[in-house]
Amino acid sequence: MTFHVYNTLTKEKVPFEPMEAGVARVYNCGPTVYGRPHIGNYRSFLFADLLRRWLEYLGLEVQQVMNITDVGHLTDDDVADSDGDDKVEAQARREQRDPFEITRGYTDMFLEDMKALGVREPLARPRATEYIDEMVVMVEKLIEAGHAYRVGGNVYFDVSTYPAYGRLSGNRVEDLVAGSRVEVNQEKRHPADFALWKSDEAHLMKWETVFGPDGFPGWHIECSAMAKALLGDQIDIHTGGEDNVFPHHECEIAQSACANGVPLANVWMHAKFLQVDGGKMSKSLGNVYTLPDVEGRGFEARHLRFALLRGHYRTQINFTWAIMDEIRARLENLDEVAVLLHRLLDGGAAAADAEAGRDVLAKTISGFEEGMNDDLNAPVALAALEGLRKPLLEGQVGEAVAQDALAFYRRANEVFGFIEVDKQTADGEVEALIAARNAAKEAKDWSAADAARDALTAMGIELQDTPNGVVWRRK
Ligand SMILES: [Zn+2]
């Protein structure tokens, strides 16, 4: 099965075919750095990381770019063209700090969290404020081509010049106006037109350009310009959270296609929001959790990584502390698969036939790969990995198979990144007691054998006698 992805643009699963053989060009909409990143933000970025890792597993070189929005994202940006405050500036006023200082501080926090969560570094993390020239060039091109118009220091995209506007989100221009999802503004030709460039002398982050002395870019043009600058006119996949579909990605599609003459991305993928305590997280409910909050409850960053990747990215998943406890247990079981494989290869209980369990391994690998190839169906792939534990606990796996299973398990974890596959465990004492118990049993010294078993039980070690030797695990 080839890798199939769900394309939000066409509303169907399609086989993934990169434009250039062996290379995938992927753009991920990144964070707007006006506040402390929280677990709700992480889901879409971990999804982007999972996609990148799966493409790498398939042998592709992934040219991945994830931007950082540090200007121009307005508070009312859920409408196509808002007049709200710049999110960064609003925060700067609240904290009474310089906006550039604000974005630097929150960017650092974001990057620290990404690192702790095991997110691989993309090829580039462009900051919008570093690509102002490229944005201006693109806006000028849209004006020249008749797709945009100036009103004083403001520049608007003329949606009537792009009939496909609305295809991604399913929003028709007429409905947008009726449903107040656009800002009615006298200087626009059509209420659904959206700003590419704005001028406001009161804005703190502003640039002198051909459009005037006090301007700043619209949020949407930022991603179009950065994607073009770093990946070219046309890319394979563009991702974001479900909230990016409209207006952000709808507007990106329109302006890029009109400026470049080719579609921006062949596939558009969107991750669903995370629910917390069964609903939307909110400050008033006190459940806008951050990574330090999760760690403060005794969980590791990888537990959170698992929690956010365990569900399919297009389905709702919930976060609660009770779920985190279940996740800890599930991850222990996945870690245990690796521990059991190592132990078997270090001379532990292996089936007499070195090839025993070959069919189980083949089924595991195909289950894992088929799951991931089906639009990154992580739950199916995870279930396949979890299925390895039982035959190992029952001593049904031979040494040659264990060797291959461990190699596969490492590769699978290159994709998931939350299992401890090669952790050094302090097993010496346990192994010594098991050896002592075996020796005592052989010598029919039952009390010594029982004493060894009691000592192991006291250490929280559970023994299972299999025809191929003793398998042990921590309870
Ligand atoms: Zn974006």
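Analyst: Domain bounds come from an automatic or database domain assignment. This is a predicted model, where local features need pLDDT of at least 70, side-chain atom pairs count only at pLDDT 80 or more, and totals for chains, interfaces and linings use all residues. Residues are numbered from 1 along each chain as its sequence is written, and side-chain values use heavy atoms, with hydrogens and water left out.

User: Into which domains is the protein divided?

Analyst: The division gives domain 1 (4-271), domain 2 (332-416) and domain 3 (428-474). Taken over C-alpha atoms, the centres of domain 1 and domain 3 are separated by 61 Å.

User: What does the C-alpha trace of the protein span along its principal axes?

Analyst: The span is about 95 × 50 × 35 Å. For a distance between two residues, take valine 337 and glutamine 186. They are 151 residues apart along the chain, and 65 Å separate their C-alpha atoms.

User: How many helices and strands does the protein have?

Analyst: Helices (H or I, at least four residues) and strands (E, at least two) are DSSP runs, numbered from the N terminus. Here there are 16 helices and 15 strands.

User: What percentage of the residues is buried?

Analyst: Buried means under 20% relative accessible area, exposed over 50%, and partly exposed in between (1.4 Å probe, protein chains only). Of the 475 residues in the protein, 55% are buried.

User: Which residues touch the most other members in the largest nonpolar core?

Analyst: Start with the general idea. In soluble globular proteins, nonpolar side chains tend to be buried together. A nonpolar core is a set of buried Ala, Val, Leu, Ile, Met, Phe, Trp, Tyr and Cys residues joined through side-chain atoms within 4.5 Å. The largest one here has 83 residues, and Ile39, Phe319, Phe368, Leu376 and Phe416 touch the most other members. Domain 1 (4-271) and domain 2 (332-416) both contribute residues, so this core lies between them. There is also a second, separate core of 51 residues, with Leu9, Val65, Tyr162 and Leu264 among them.

User: With which residues is leucine 376 in contact?

Analyst: Contact means heavy atoms within 4.5 Å. Leave aside neighbours within four places in sequence. Leucine 376 then contacts Phe3, Phe47, Leu50, Leu51, Trp54, Met269, His312, Tyr313 and Gly371. Now look at the whole protein. Among contacts between residues at least 6 apart in sequence, 77% join residues at least 24 apart.

User: How many residues of helix H9 are buried?

Analyst: In H9 (residues 301-309), 9 of the 9 residues are buried, so this helix is largely enclosed by the rest of the structure. The buried residues include Arg302, His303 and Arg305.

User: At what angle do H1 and H9 cross?

Analyst: Axes are lines fitted to C-alpha atoms, for helices over the stretch in contact, and angles run from 0 to 180 degrees between N-to-C directions. Under 35 degrees counts as roughly parallel, over 145 as roughly antiparallel, 65 to 115 as roughly perpendicular, and the rest as oblique. The axes of H1 (residues 39-57) and H9 come within 9 Å and cross at roughly 80°. That makes H1 roughly perpendicular to H9. On the H1 side, the meeting residues are Ile39, Tyr42, Arg43, Leu46, Phe47, Asp49, Leu50 and Arg53, and on the H9 side Leu304, Arg305, Leu308 and Leu309. For residue classes, Ala, Val, Leu, Ile, Met, Phe, Trp, Tyr, Cys and Pro count as nonpolar, Asp, Glu, Lys and Arg as charged, and the others, Gly among them, as polar. This contact has 8 nonpolar, no polar and 4 charged residues.

User: Which residues make the contact of H4 with H7?

Analyst: First the geometry. Helix H4 (residues 132-144) and helix H7 (residues 245-260) have axes that come within 9 Å and cross at roughly 75°. H4 and H7 are therefore roughly perpendicular. H4 brings Met138, Lys141 and Leu142, while H7 brings Gln255, Ser256, Cys258, Ala259 and Asn260. By class, the contact has 4 nonpolar, 3 polar and 1 charged residues. H7 also holds proline 247. The peptide bond from phenylalanine 246 to proline 247 is cis, with omega near 0°.

User: Is valine 337 buried or exposed?

Analyst: Valine 337 is buried, at 0% relative accessible area. This residue lies in helix H10 (residues 321-345). Not counting residues up to four places away in sequence, valine 337 touches Leu385, Leu388, Arg389, Leu392 and Tyr409.

User: Where is lysine 11?

Analyst: Lysine 11 sits in the loop between strand E1 (4-7) and strand E2 (12-15). Its phi is positive, about 60°, although lysine 11 is not a glycine. Lysine 11 is partly exposed, at 45% relative accessibility.
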